[in-house]
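The following note sets out several points for a colleague who has the sequence and the model at hand. Each point takes up one residue or one pair of elements.

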Amino acid sequence: MSNWHERFVQALADGTPFPSVQAQAPGTTLDEAYDIQLAFIRAQDRSISGYKAALTAAPAQQAMGIDQPVVGTLFADGDFSAQTSRVQLSRPSLLETELGFISNEAIAAPISAADIDRCFASVLPMIELASPNLEGPPSGIDLVATNAASYGYIAGTPMPLQGLDVDGQHVSLAQGETVLMEGNSGSVLGGQREALAWLANRILALGLPIAAGAMFMTGSIGGVAPAKAGRYQARFGALAPIDFTLG
């Protein structure tokens with residue numbers, strides 16, 4: 001199993017799907033999948049901008065054959081925020097509406113929901129451009145090993161976290177007159193602060209650093225939609241909207 005990360009790096013270079021750990025090594029555990037993920041992240045030698053949660057909804061976990069949410073790493077070169085007039089994707093992707101948070105201090109010890117307003121100063125609307133890129137039927141093991149479908153994101157305008165009801169925002173994504181998905185921001189892992197604390201603690205448990213200025217995405221609000229060419233409108237309640245075009 002020691003060369004899985006090398007095979008994933010080669011797949012990225014070749015523009016081919018990631019080979020399936022689940023199919024070729026069916027006894028792989030979730031802990032072993034995270035070991036592969038960490039090796040894959042380090043082998044890419046890319047600047048890390050933050051972290052993401054995935055499979056935060058129970059039905060999504062069940063579909064992937066696991067019983068818990070998973071995490072992945074965000075890369076700085078996956079930031080499409082300056083390209084909203086025409087976002088060009090290099091491989092098939094999915095769209096997700098999420099809330100993001102920016103840490104205002106380094107985090108080195110476990111935190112709770114009560115610590116969030118001290119550790120994080122800003123909240124922002126976000127679009128995740130997720131790309132599982134998996135060979136064969138998807139599984140939780142494969143998703144974890146390949147960095148939780150991390151591909152890209154669009155970050156909106158941040159606003160102060162204090163004073164905002166982060167669990168009371170209606171979030172939606174539309175393409176033209178068609179609403180693709182919608183949901184309440186508080187539906188993620190029992191609430192945004194709880195989700196954020198869980199994500200930070202899971203990252204620390206994996207031995208990854210959390211620096212001041214790190215970006216966190218807490219998970220999909222309202223589902224996912226295929227990323228197709230066209231103009232999109234994302235709304236996030238009291239937060240700024242995000243309008244973008246996929247070319």
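**Notes on the predicted model**

1. Helix 1 and helix 3 are oblique to each other. In this predicted model, the two helices, residues 4-14 and residues 30-44, pack at an angle of about 50°, and their axes are 8 Å apart. An angle of 65 to 115 degrees would be called roughly perpendicular and one under 35 degrees roughly parallel, so the pair falls into the oblique class. The crossing of helix 1 and helix 3 is right-handed. On the side of helix 1 the contact is made by Trp4, His5, Phe8, Val9 and Leu12, and on the side of helix 3 by Ile36, Ala39, Phe40, Ala43 and Gln44. By class, the residues of this contact comprise eight nonpolar, two polar and no charged.

2. Asp45 lies in the loop between helix 3 and strand 1 (48-54). Phi of Asp45 is near 50°, which is a positive value in a residue other than glycine. Most residues other than glycine have a negative phi. Asp45 has a relative accessibility of 72% and therefore counts as exposed, the cut-off being over 50%.

3. Leu189 also deserves a check of its backbone, with phi near 50°, a positive value in a residue other than glycine. Leu189 is placed in the loop between strand 8 (178-184) and helix 7 (192-205). With a relative accessible area of 27%, Leu189 is partly exposed.

4. Thr97 belongs to strand 3. Is Thr97 buried or exposed? Its relative accessible area is 0%, so Thr97 is buried. The side chain of Thr97 has a polar atom 2.8 Å from the backbone oxygen of Ile221. Beyond its neighbours within four places in sequence, Thr97 is in contact with a set of residues including Met126, Ile127, Val171, Ser172, Leu173 and Met181. Gly219, Ser220, Ile221, Ala234 and Phe236 are also among the contacts of Thr97. Between Thr97 and Gly50, 47 residues apart in sequence, the C-alpha to C-alpha separation is 17 Å.

5. Ser220 sits in the loop between strand 9 (215-217) and strand 10 (225-226). A polar atom of the Ser220 side chain lies 2.6 Å from the backbone oxygen of Gly223. Apart from neighbours within four places in sequence, Ser220 is in contact with Thr56, Glu96, Thr97, Glu98 and Val188.

6. Ser93 is found in the loop between strand 2 (70-75) and strand 3 (94-103). Ser93 counts as buried because its relative accessibility is 8%, and the limit is under 20%. The side chain of Ser93 places a polar atom 3.0 Å from the backbone oxygen of Arg91. When residues up to four places away in sequence are not counted, Ser93 touches Ala130, Ser131, Tyr151, Pro226 and Ala227.

7. Arg235 lies in strand 11 (residues 230-236). Which side chain does that of Arg235 join in a polar contact of 2.9 Å? The partner is the side chain of Asp243. Asp243 is likewise one of the residues that Arg235 touches, together with His170, Val171, Ser172, Pro241 and Ile242, not counting residues up to four places away in sequence. Arg235 and Leu173 are 62 residues apart in sequence, and their C-alpha atoms are 6.5 Å apart in space. Arg235 is partly exposed, at a relative accessible area of 35%.

Terms used: Residues numbered from 1 in each chain as written. Predicted model: local features only at pLDDT ≥ 70, side-chain atom pairs only at ≥ 80, totals over all residues. Heavy atoms only, no water. Helix = DSSP H or I, 4+ residues; strand = E, 2+ residues; numbered from the N terminus. Buried < 20%, exposed > 50% of the residue type's maximum accessible area, 1.4 Å probe, protein only. Contact = heavy atoms within 4.5 Å. Polar contact = N/O pair within 3.5 Å; in protein donor to acceptor, adjacent residues only side chain to side chain. Axes fitted to C-alpha atoms, helices over the stretch in contact; angles between N-to-C directions. Parallel < 35°, antiparallel > 145°, perpendicular 65-115°, else oblique. Left-handed = near helix turned anticlockwise from the far one by under 90°. Nonpolar A, V, L, I, M, F, W, Y, C, P; charged D, E, K, R; others polar.
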